Amino acid sequence: MTIASSSPPSLPLRGAEEAQTGPGPRRAAGHEERGDGRLAAVFLAPALLGFVVFLLWPTLRGVYLSFTRFNLLTPARWVGLDNYVRMVNDPIFWDSMGVTVVYVAVNIGVQTVSALAIAVLMQRLTQSAVLRGIVLTPYLMSNVVAGIVWLWILDTQLGVGNEIVAGLGFDRVPFLADETWAIPTIALINVWRHVGYTALLLFAGLMAIPNDMYEAAKVDGAGEARMFRRITMPLLRPVLAVVLIMTVIGSFQVFDTVAVTTAGGPANATNVLQFYIYGTAFGRFQFGYASAMSVALLVVLSAVTVLQYRLTRAGRSDLG
Amino acid sequence: MRVRLRKVLALTGVLALSLATGCAQGGAAGSGADSVTYWLWDANQLPAYRACAKGFEKQNPGLDVKITQLGWADYWTKLTASFIAGTEPDVFTDHIQKFGQFADLKVLEPLDDLGLDDSAYQAGLAANWRGQDGRRYGAPKDWDTVALFYNRRTAEAAGLSADRLGSLDWNPEDGGSFEKAVARLTIDKNGRRGDEKGFDKDNVKVYGLATGGAGDADGQTTWSPFAASAGWRYTDKARWGSAYQYGSKTFQSVLDWYFGLAKKGYLAPFTDYTDGANPANAQVASGRAAASLDGAWMISTYYGTKGLDVGTAPTPVGPTGKRATMMNGLADSITKNARNKEGAKKWVRYLASNECQKTVGGYGIVFPATPDGTAAAVAAYRKKGVDVSAFTEPVTDRKRSATFSFPITDYAADVFALMRPAMQDVYANDAPVSGLSKTNDQINLVLGQ
């Protein structure tokens, strides 16, 4: 999950302005300011260096590589828009995009509703830190471990989950081996892992809503459902919007769970975009084409984020 | 403030310096004039190659072999990364499926000056490691074939003797005695066998044949023994062909029959198989399947499974009148940028020698490439009470058996990427096999680039 960060450029400038005011009684203060500016620059440098080296440069290089044929070991060859033309005409790319969108819809839909329910329940019913801890537990596990554990649990013939399904008298369900079930299953595995974390973020947002609003509503005779609709939802909106933006970005980048459970199968039914990009790059050594698809994903994510931001008015609060 | 700033700068400097030197040390990876770095993926083979390394070091005082073992999946990722980072091993265990790509990327050192003799190894093994330029890029180290593993108790209960299972035949029309045997081994939840009246194919308790997935582009342990015994081959030429033949009528009729076994309830359906969790040996071990087609590299796994009394039989005789199995061989390759190329060449020459291969054979975990090494392995297996003739017969008895190699062409990774979903579509979604003709056209288009 990458959220763009920018470093405020004002600090060094302030020092410079002070210096232009000339010598005088403020000289000492000016020195102090200049010193702070330099120190600030030093403190900023590691983050800035990290940003340039690990984010800005790879992004720019990725964009450049998307216009080349590149296999990592021999020099990249400029091919203009070839990779993009190929992408537009590649049915597997569009199929992957479709699969990813379905995944995001199921994953984010179920996760957001469940997380909101858990957060509201925590806010209205209990303040127990232990409970909050328990809710977060699956998040402590790595995606790969969670994926492998669920793969074993849901195995058609040998999985504990399917033993229970069969024990209850139902037919065994090929959760991860059937093209209809595979994407919803992967989406729900990731809901299981992330819902606690999302709930906790929303819970933090709920804590910021002043309690006297609820008390006033109660005095006016409002019930829990009405308070949720009229107080909780409107006041939680900015937090919910930010959480949605973050989780949607993360969801579009699903990779590890797919890699360890279905490897894109059966018959590309779970070939999400990131997995297709990975296979193209590290399996087929087509780094140019993989870069072009990554750029497309970047564009899609940016558009989705801007759209979400606009639609949910995430920057503004209804409070106060 | 100034003092603090200086301190910060000094600390940053120290940190940067230590990181830089640390990286430099890491980059060298312990390789040098007095050592050779060697990578392999099979943990079972590690003790055998350690023993080889000891023998080598005794003959080459001052040269030290540093072996690194990595799991199959990590192995290739790390190897690729090492080529980019310049931290590749001097020598590594190479797989024929990856050979074309590595040759294309020009990361392998030609081994022609090692003076290896093709005839010193089991037939065909050495020739596979020649690139399109005619040069040798791998020194043969071992080989494997495919056979039928079966649960002996289940087979006995079905009235199928070892002799019977060892003399099965097959054809794409009615499946021959092989299909009859597989049907006999299949039991539904009411206890009816696959060849009995009233057999319920939708509620099978024990499948006659375990599934190993859709087989991707090679079908090594799934459909390839059948397709090859019907006379089909992957490509137009034995090596470095320019066209694949997945569009062939023969091939498609074989697939129709093979995946048709699943529709009849004899072969476990694709949905029983989740990549990585439930391979064929697990299906046999759990009693969910009576038999499976699997490779020689799995012998120790099957025979080491507690509570499983396992037997093996060669693949069935096909329409050509011969049995067929893939014979795949690994090799040792030297990287083009090996730090200690001279030491690496010495080590590879030793790995390819009868002496080392006999040592490896003695561990009874793999069949070494030289006939003496193979004999040592057969003897070691016999000592463990394992009869491996189902695997060795195709190699020793060329009259009754045909062996074929993994497809060796350019763009192997692209072929895999196109064939994997296409084959899964046939097996899992019942897509018509004729659809593979289109996939074949796409593959040949890529090959013709």
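Visitor: Which domains is chain B divided into?
Guide: In this predicted model, chain B is divided into domain 1, made up of 31-142 + 329-395, and domain 2, made up of 146-326 + 411-447.

Visitor: And what separates the centres of domain 1 and domain 2 of chain B?
Guide: Taken over C-alpha atoms, the centres of domain 1 of chain B and domain 2 of chain B are separated by 30 Å. The contact between them takes 15 residues from domain 1 of chain B and 15 residues from domain 2 of chain B.

Visitor: Which elements give two or more residues to the domain 1 side?
Guide: On the side of domain 1 of chain B that touches domain 2 of chain B, those elements are helix H4 (96-105) and helix H15 (389-396) of chain B, and H15(B) gives the most, with four residues.

Visitor: How do the residues of that side divide by class?
Guide: The side of domain 1 of chain B that touches domain 2 of chain B has eight nonpolar residues, six polar and one charged.

Visitor: Switching to the two chains, how many residues are in contact?
Guide: Between the chains, 29 residues of chain A are in contact with 31 residues of chain B.

Visitor: Which helices of chain A each supply at least two residues there?
Guide: On the side of chain A that touches chain B, they are helix H2 (27-65), helix H6 (143-154) and helix H12 (273-283) of chain A, with the largest share, four residues, coming from H2(A).

Visitor: What about classes on that side of chain A?
Guide: The side of chain A that touches chain B has 15 nonpolar residues, together with nine polar and five charged ones.

Conventions
Residues numbered from 1 in each chain as written. Chains lettered and ligands numbered in written order. Predicted model: local features only at pLDDT ≥ 70, side-chain atom pairs only at ≥ 80, totals over all residues. Contact = placed C-beta atoms within 7 Å. Nonpolar A, V, L, I, M, F, W, Y, C, P; charged D, E, K, R; others polar. Domains from an automatic or database assignment.
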